[in-house]
Amino acid sequence: MRREGSALHGFGVVTLKEIADHFTSILVVVLLVLVTATAIAVVRGAVDQIKEITAEDPFLFLRLFTRGGPLPLVALLSFLVPLVAIGLGFDAVNGEHNRRTLSRILAQPIYRDALLFGKFAAGLFTLSVSLIVLWLLVIGLGLLGLGVPPNAEEMARGLILLAVTIAYAGLWFALALLCSVLFRSAATAALVALGLWLFLTILWPLFSPALADAVTTAGDILGVLDTRQAFARLSPSVLFNEIVAVVLDPSVRSTQQSMLASLGLALIERGAIPDAPIPLLQSVLIVWPQIVGLVAGSILLFVIAYIAFQRQEVRA
Amino acid sequence: MNVIEAKNLTKRYDGVAVVSGISFSVARGEIFGLLGPNGAGKTTTILMLLGLSDISDGQARVLDHDPVREPLAVKRQVGYLPDQIGFYDNLTAAENLRYTARLMGFERSEREQRIKSSLGHVGLGEVANNRVGTFSRGMRQRLGLAEILMKEAQIAILDEPTSGLDPQATAELLNIIRDLKNRGVSVLLSSHLLERVQSVCDRVALFSQGNIVLIGTVPELGRQVLGGGFRVEVEAQGQGLAERIAAIPGVQRVEPAGANRFLLLADHDVRPEAASAVVAAGGRLLRLSVEEPSLEAIYTRYFQTHEGALHAA
């Protein structure tokens, strides 16, 4: 059975309205100001640290993202970006139910698809704009503080970080959107999304090694580490951190290297010169599966939300 | 020509029929009322007609379109005022309408002109730039009707348009609904408040537990349910009036109802005959009235007599 007309009729109208709503929402503005202010403070700390340690480092600019006090900028992003994304999305659909605007809007000549696609696009756009502004601020502060311009490879790696952060934000936004479809009460949706965020970001990396050890049969240490890593990667934050560790540090040549380093071990491949930088493309190839994982996760969550929304009854 | 045609329309949730096989039609320019208690299936019927809810069985045609297969064609020409209508409280009345006007796909110049004239028409012209958050319930309902006017819909579907309104707001709303009819718009409205809608509906369908139990004009239903046709009250002074009146063809019974007052039971409206009878007898006619059957009475009587049968079934 074929439906008449385009499923996306009205998509642009919904998107524009939702974007306007996001940028005038007090909650969103407060979250963005908080994240930006924290980021600026962190980057200033990083600038001071970088000035002290080295002038020889060929990738000085990238250290802006990974250095700086107790919490470098990328750690801050991996922790706070989900919060902003959840703040944008947790009442996207149930809010329309609760305001009783849903049936009135759906009685206009549009399909439900347009409403949900529009909401997702608007959320993604808002997150992208905010992250691009944040990224430009960081680069600007770096230029002012360090006094040297970034080279082309540093810019490229920085841009990849930006794209990956947007994909990471998209995944959490899709999760929040799903919660807003599944739970009629906005408070429930927000708490479930925030609970998942805390669990996946903080608790899962702590508990997953024990779980992995319980099921693994591998005898050697590398096998054990593999299983642990596979388990830990169920958390989007772990994926994000792995990508960031490789993309922002050209001397890292595998995701296991950073993991072993945290255990005080060094992984030295035959024929490799320790700490020699690898080309950009190689870095990206190493974490390509993780990048695909983040994007696929967003799409999967959105598809579930879409199906649930299509089957939902309009009436309150 | 019928603008809405429902045949054997059925909606089941998990195998339980909420609307079971109802059939009715609404003619062009008619005000049709779906009446019945809450939970009788009125809103579900409306949502099926709009294509907002799947139809489990039977079929519906709205302006000769199938709401399941061609929902956009239906929604382009049908205006809907939901039960407990909601607007974006942080936007103004005009901004709310602008959003739906964009969804309807009007050009900018046409849009602004339609918004202005429709807001003026429902008496919200002066508060067009106030936030809807400050609006009373009656104003929200009128804003909902403004949306339908703006759409220039051929059918207006109003779900409980008067519930929760004070008498003045109700009167204003009913006036706008009558005005819709004068513009040639067909109106389908649902309500559980019988008295209020009786005055505007051309025909009504009484709902009970997912079925339409009665359908027709109010006087028709009155005859059908309350039995015996018209009750005419005559107040007149004169000699031997009771006999004269009783002799009018069609009068079945005359009951004295106090000094100089008689209650006539007749099979048609006998007011003209009664008047001429009184005058011919040289009496003084003081009052002459026919008692309209009230929907409330029809409804109550119907359920008194059928409740047992319904429960048994």
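This is a predicted model: local features need pLDDT of at least 70, side-chain atom pairs count only at pLDDT 80 or more; totals for chains, interfaces and linings use all residues.
## A helix pair in chain B

Helix H3 and helix H5 of chain B pass each other in a right-handed crossing. The axes of H3(B) and helix H5 (residues 137-151) of chain B cross at roughly 35° and come within 10 Å. On the H3(B) side, the contact is made by B:Ala93, B:Leu97, B:Thr100, B:Ala101 and B:Met104. H5(B) answers with B:Leu143, B:Ala146, B:Glu147, B:Met150 and B:Lys151. Sorted by class, the contact between H3(B) and H5(B) has 7 nonpolar residues, 1 polar residue and 2 charged residues.

## Where the two chains meet

H3(B) turns up again where chain B touches chain A. The contact between the chains takes 19 residues from chain A and 23 residues from chain B. On the chain B side, the elements that give two or more residues are helix H1 (42-49), helix H2 (71-77) and helix H3 (93-104). Which of these helices gives the most to the side of chain B that touches chain A? H3(B) does, with 5 residues.

## Chain B as a whole

Chain B has 11 helices and 13 strands. Along the principal axes, its C-alpha trace spans about 75 × 50 × 35 Å. Of its 313 residues, 40% count as buried. Taking the contacts in chain B between residues at least 6 apart in sequence, 69% join residues at least 24 apart.

## The six-stranded sheet

Now to the sheets of chain B. One is an open sheet of 6 strands, in the order S5-S6-S7-S3-S8-S9, and its pairing is mixed. Strand S5 (78-81) and strand S9 (211-216) of chain B stand at the edges with a single partner strand each, so one side of each has no neighbour in the sheet. On average, with direction ignored, neighbouring strands of this sheet are turned by 15° against each other.

S5(B) and strand S6 (residues 155-159) of chain B run parallel and are joined by 4 bridges. Within this part of the sheet, B:Tyr80 has B:Ile157 in S6(B) as its bridge partner. Helix H6 (residues 167-182) of chain B lies across strand S3 (31-35), S6 and strand S7 (186-191) of chain B. The direction of H6(B) is at about 150° to S7(B).

## The four-stranded sheet

Another open sheet in chain B has 4 strands in the order S11-S12-S10-S13, with antiparallel pairing. Its edge strands are strand S11 (251-256) and strand S13 (284-291) of chain B, and each pairs on one side only. From one strand to the next, the twist averages 20°.

Inside this order, strand S10 (residues 230-237) and strand S12 (residues 261-266) of chain B pair in the antiparallel sense over 6 bridges. Here B:Glu233 stands opposite B:Leu263 in S12(B). Helix H10 (residues 271-280) of chain B packs on the sheet and touches S10, S12 and S13 of chain B. The direction of H10(B) makes about 165° with that of S13(B).

## Chain A, built from helices

Chain A has 13 helices and 0 strands. Its C-alpha atoms fill a box of roughly 65 × 55 × 35 Å, taken along the principal axes. How does the radius of gyration of chain A agree with that of a compact globule? With 316 residues, such a globule would have a radius of gyration near 20 Å, and chain A has 22 Å, which agrees.

Of the 316 residues of chain A, 41% count as buried. Among contacts in chain A with a separation of 6 or more, 80% come from residues 24 or more positions apart.

## A helix pair in chain A

To close, here is a helix pair from chain A. Helix H7 (residues 112-146) and helix H13 (residues 280-311) of chain A have axes that come within 10 Å and cross at roughly 145°. H7(A) passes H13(A) in a right-handed crossing. From H7(A), the contact uses A:Arg112, A:Leu116 and A:Phe120. From H13(A) come A:Phe302, A:Ala305, A:Tyr306, A:Phe309 and A:Gln310. By class, the contact of H7(A) with H13(A) has 6 nonpolar residues, 1 polar residue and 1 charged residue.

Technical notes. Residues are numbered from 1 along each chain as its sequence is written. Chains are lettered from A and ligands numbered from 1 in the order in which they are written. Axes are lines fitted to C-alpha atoms, for helices over the stretch in contact, and angles run from 0 to 180 degrees between N-to-C directions. A crossing is left-handed if the near helix is turned anticlockwise from the far one by less than a right angle, and right-handed if clockwise. Two residues are in contact if their C-beta atoms, placed from the backbone, lie within 7 Å. Ala, Val, Leu, Ile, Met, Phe, Trp, Tyr, Cys and Pro count as nonpolar, Asp, Glu, Lys and Arg as charged, and the others, Gly among them, as polar. The radius of gyration is taken over C-alpha atoms; the globule rule is 2.2 Å times the number of residues to the power 0.38. A residue is buried if 20 or more other C-beta atoms lie within 10 Å of its own, exposed if 12 or fewer, and partly exposed in between; C-beta atoms are placed from the backbone. Two strands pair if DSSP finds at least two bridges between them.
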